[in-house]
Amino acid sequence: MTGPGPLPPDAGGPPSELDKLRRRVAALSEKREEAEARLQALLGSLLSLDDVLADTRLRAGVLYEARSARETASAALALGEQIEAAHLMLRVEFERHDVRPMDVVGRALDPAEMRVVGTEPHPGRPDGTVLREKLTGFRRGSATLRPAQVVVSVPGPAPEPVPGPVPGPGPDHVPASEAETDPDLDPVSDSVRAQPRRTTRAQRRLLRKPSVRRARRPRRAG
């Protein structure tokens, strides 16, 4: 049998230390239950995302096993749509928990939200302007959940575009000089073997070898 509980404080008197402690415990218990409910909802949504990613893995296997260009294109399109759906599902779940991506491109550098991972000369942007993101930053409410990794502008001319690699001649390449001297070869690109020119028999000139030429008969004396 339990004893009587603590006596309530007088109506006009201040709360006792025990009453203050009980209120703190009740507030902490309420916050803990709220946090557990949020965690349960987050884990439930991640289970749905896991299902989508598992299906994406199956679609990737179909892409690798495609045997024709048509099957490859169809599988690649389905895989892209599946990845986009998974990304959208994740972003929607982020918004439910007040987590949103930062939009920092074009803004001035803010060390509280951004980390510089590279610089690039740009003649039309002020110094320290964010040109692009290397890693997306996120906020939770008004607080920074993860800073963005960005590339910012510095004074100077724009960099020259890097030319792409020029393919060298393949093993079946025929030099242009050889193609010009050989009448049976057509000039084609360096990466394709020159093919014999197809002509009709009437158009071809059949060169006779000197050994098979008919000797001229000597004229008779008159």
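Does Phe-94 count as buried, exposed or partly exposed, and at what relative accessibility? Phe-94 counts as partly exposed, at 27% relative accessibility, where buried means under 20% relative accessible area, exposed over 50% and partly exposed in between (1.4 Å probe, protein chains only).

1. Basis of the note. This is a predicted model, in which local features need pLDDT of at least 70, side-chain atom pairs count only at pLDDT 80 or more, and totals for chains, interfaces and linings use all residues. Residues are numbered from 1 along each chain as its sequence is written, and side-chain values use heavy atoms, with hydrogens and water left out.

2. Confidence. The average pLDDT (the predictor's confidence in each residue, from 0 to 100) is 76 for the protein, and 67% of the residues score at least 70. Over residues 187–194 the pLDDT falls below 50, and this stretch has nine contacts in the model beyond near neighbours in sequence; a contact means heavy atoms within 4.5 Å. Where pLDDT is low, the predicted coordinates should not be read in detail.

3. Elements. Three helices and six strands are present, in the order α-α-β-β-β-β-β-β-α from the N terminus. Helices (H or I, at least four residues) and strands (E, at least two) are DSSP runs, numbered from the N terminus.

4. Helix α1. This helix covers residues 17–64, 48 residues in total, and reaches 70 Å from its first C-alpha to its last, close to the 70 Å expected at 1.5 Å a residue; the expected span is 1.5 Å times one less than the number of residues. Its buried residues are Asp-19, Ser-45, Leu-49, Val-52, Thr-56 and Ala-60, and they pack against α2.

5. Aromatic pair. The structure holds one aromatic pair. Phe-94 and Phe-138 are edge-to-face, at 5.6 Å centre to centre with 70° between the planes. Rings of Phe, Tyr and Trp (its six-membered ring) pair if their centres lie within 6.5 Å; planes under 30 degrees apart count as stacked, over 60 as edge-to-face and the rest as tilted. Phe-94 lies in helix α2 (residues 69–96) and Phe-138 in strand β4 (residues 138–140), so the pair ties together parts that are 44 residues apart in sequence. Phe-138 counts as buried, at 10% relative accessibility.

6. Nonpolar core. Met-102, Val-104, Met-114, Val-130, Ala-148, Val-150 and Val-152 form the largest nonpolar core, a set of buried Ala, Val, Leu, Ile, Met, Phe, Trp, Tyr and Cys residues joined through side-chain atoms within 4.5 Å. Strand β6 (residues 148–154) supplies its largest share, three residues.
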